[in-house]
Amino acid sequence: MPAADLLFVGGRIFTADSARGYATTVAVRDGRIQAVGTDEVRDLAGPGTEIVDLNGGLLLPGFQDAHVHAVMGGVELNQCDLSGTVVVDEYLRRVRAYADEHPDLEWISGGGWAMESFPGGIPGRELLDSVVPDRPVFLSNRDHHGAWVNSRALELAGITADTPDPADGRIDRAPDGSPSGGLQEGAMQLVTELLPELTAADRLAGLYRGQDLLFSLGVTSWQDAMVCATNGYPDVSDAYLAAAHDGSLRATVVGALWWDRDRDGSQIPELVAKREKFTVGRLRCDSVKLMLDGVAENFTAAMTAPYRDGCGCATTNQGLSFIDPARLPSYVTELDALGFQAHFHALGDRAVRDALDAVAAARAANGWKDTRPHLAHLQVVHPDDVPRFRELGASANLQAYWASHEPQMDELTIPFLDPEAVIHQYPFGDLRRAGAHLAAGSDWPVTTPDPLEAIHVAVNRVHHGSDYPPFLPGQELDLTAALTAYTAGSAYVNHLDDSGVIRAGNRADLVVLDRDPFAGAPQEIGDASVAITFVGGERVYTASA
């Protein structure tokens, strides 16, 4: 063999390859993995070979995020960013500071606040009025299923006590019926349609910032879960297309084309045209995002059993279905026949069942096509549906960071779920034992894009550094399974079959961790950090000393 360009030595290799359990040395040449093994691979060192000393750390395939919003995450970092705190006074300080720094902005926009910061999860407009009374303010919460607005924004949108709730959302109200300052789901669109449009430059800058951040966390490929969006969400497709054309998109990206929930199957020919237009260079758009329901903490996730009220009594509310469940199977069957992957947002157990029913219909009509459908979020999965993932070849796309006790779970979710639903949340262990294929993602900017933080929760069922007890013990994954989900598992979902595993011939998308998490206690997994990230054998990130 010719000499290697890179030789990794001095640490453990996690290959994510079930056929190879142990390796100590990896060689890379021309952007591909040249050899994997032990001391014999060192013979590939030549005069020009760069020796990468792992210093006792861990080399593993590049992480792949199977459900993320990279452009919007980057855009929000460039706007009024409220993430990283739950303190209301700090939110207000940041809003006031951002407004002062941008006196010419017509609107103050951004997001990242947590529902746990407010009684019942509902923020008040008066708080924002106290710091920005003269300009409209729109701030999405961290899960992007709700927003906080001030009185000026409500006034401009014409939202009053007499404004009816839209069919797909809710206007939060004071006891007298007046809008209190919170907008849920489709009600956000009453205001977002007034927001100044992001410019192409804004979106491209967001992509670059998101790409840099993801590289620093070891993420080398991802699936963006909202490309060509409608229904009040921003369309970021032009940023990806521009970067794919000029080569500044260095990650490999699968774009999930947005299914317009206000339309029917007549949009499918348009999706076919978009697939062709937005498949360029490192960008491929052959997935379709079908958002079936909302989220549990605002009672819009679609459940098989009704939500409870504050007294623990059953209500008549079972959440929302954004796409008609009776028509969903025909949509998915047609998409599958055309070679599209179905990428479902399915958070409640009724939405999960609807998604699996749609996949079953597609399998029955089309046979087993290699479209690799996947269901993201999976907060509640009915036990009857757990084995169906393997039976139907539907991947479970886990946002593991959410599977933990914290105020949003303990105060805004558990008290309002049916008791049976409570004990079937984030059933990672059950899914794995049933043979489901596991992939992983972050849903950033909803929560942290850091795979190591999510993997820590997948293994421990508690956030790194948290004093809470583990959440539903018995549903954890071991470290090997969690790492595999975030590498080989997501690579399978992304149809990137020459990545996700350290194997000769595969792409040299690789990550070096500063330590070997297998060598320490599970509670120390979150202590690890990314030292170096490689894409195609080229360094795209090196941690500062």
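Colleague: Which element gives the most to the lining of the largest cavity?

Modeller: That's α10, with three residues. By element I mean a DSSP run, numbered from the N terminus: helices are H or I runs of at least four residues, and strands are E runs of at least two. This is a predicted model, where local features need pLDDT of at least 70, side-chain atom pairs count only at pLDDT 80 or more, and totals for chains, interfaces and linings use all residues. Residues are numbered from 1 along each chain as its sequence is written, and side-chain values use heavy atoms, with hydrogens and water left out.

Colleague: What makes a space a cavity, and what makes it a pocket?

Modeller: Both are sets of points on a 1 Å grid over the protein atoms alone. In a cavity a 1.4 Å probe fits but cannot get out, while a pocket is an open set with protein on both sides within 12 Å along at least five of seven lines. A residue counts as lining if it has an atom within 4 Å of a point. The structure holds four cavities of 30 Å³ or more.

Colleague: How much space lies in the largest cavity, and what lines it?

Modeller: About 70 Å³, taking volume as the space filled by probe spheres set on points joined across faces, edges and corners. Its lining includes Val332, Phe340, Ala362 and Arg363. α9 (328–337), β17 (341–346) and α10 (349–366) are the elements that give two or more residues to that lining. The classes come out as six nonpolar, two polar and two charged.

Colleague: How are residues of the second largest cavity divided by class?

Modeller: Ten are nonpolar, with no polar and no charged ones. Ala, Val, Leu, Ile, Met, Phe, Trp, Tyr, Cys and Pro count as nonpolar, Asp, Glu, Lys and Arg as charged, and the others, Gly among them, as polar. α15 (451–460) and α16 (479–493) are the elements that give two or more residues to it, and the volume is about 50 Å³.

Colleague: And the second largest pocket: what is its volume?

Modeller: About 390 Å³. Of its 21 lining residues, Ser83, Gly84, Val446, Thr447 and Thr448 are the closest to its centre. α1 (70–77) supplies the largest share of the lining, three residues.

Colleague: At what angle do the axes of α6 and α7 cross?

Modeller: Roughly 65°, and the axes of α6 (200–216) and α7 (237–246) come within 8 Å. The axes are lines fitted to C-alpha atoms over the stretch in contact, and angles run from 0 to 180 degrees between N-to-C directions.

Colleague: What stands out in the backbone at Pro445 and Arg461?

Modeller: A cis peptide bond joins Trp444 and Pro445, with omega about 15°. Pro445 is in the loop between β20 (438–440) and α15. Arg461, in the loop between α15 and α16, has a positive phi near 60° without being glycine. Most residues other than glycine have a negative phi, and most peptide bonds are trans.
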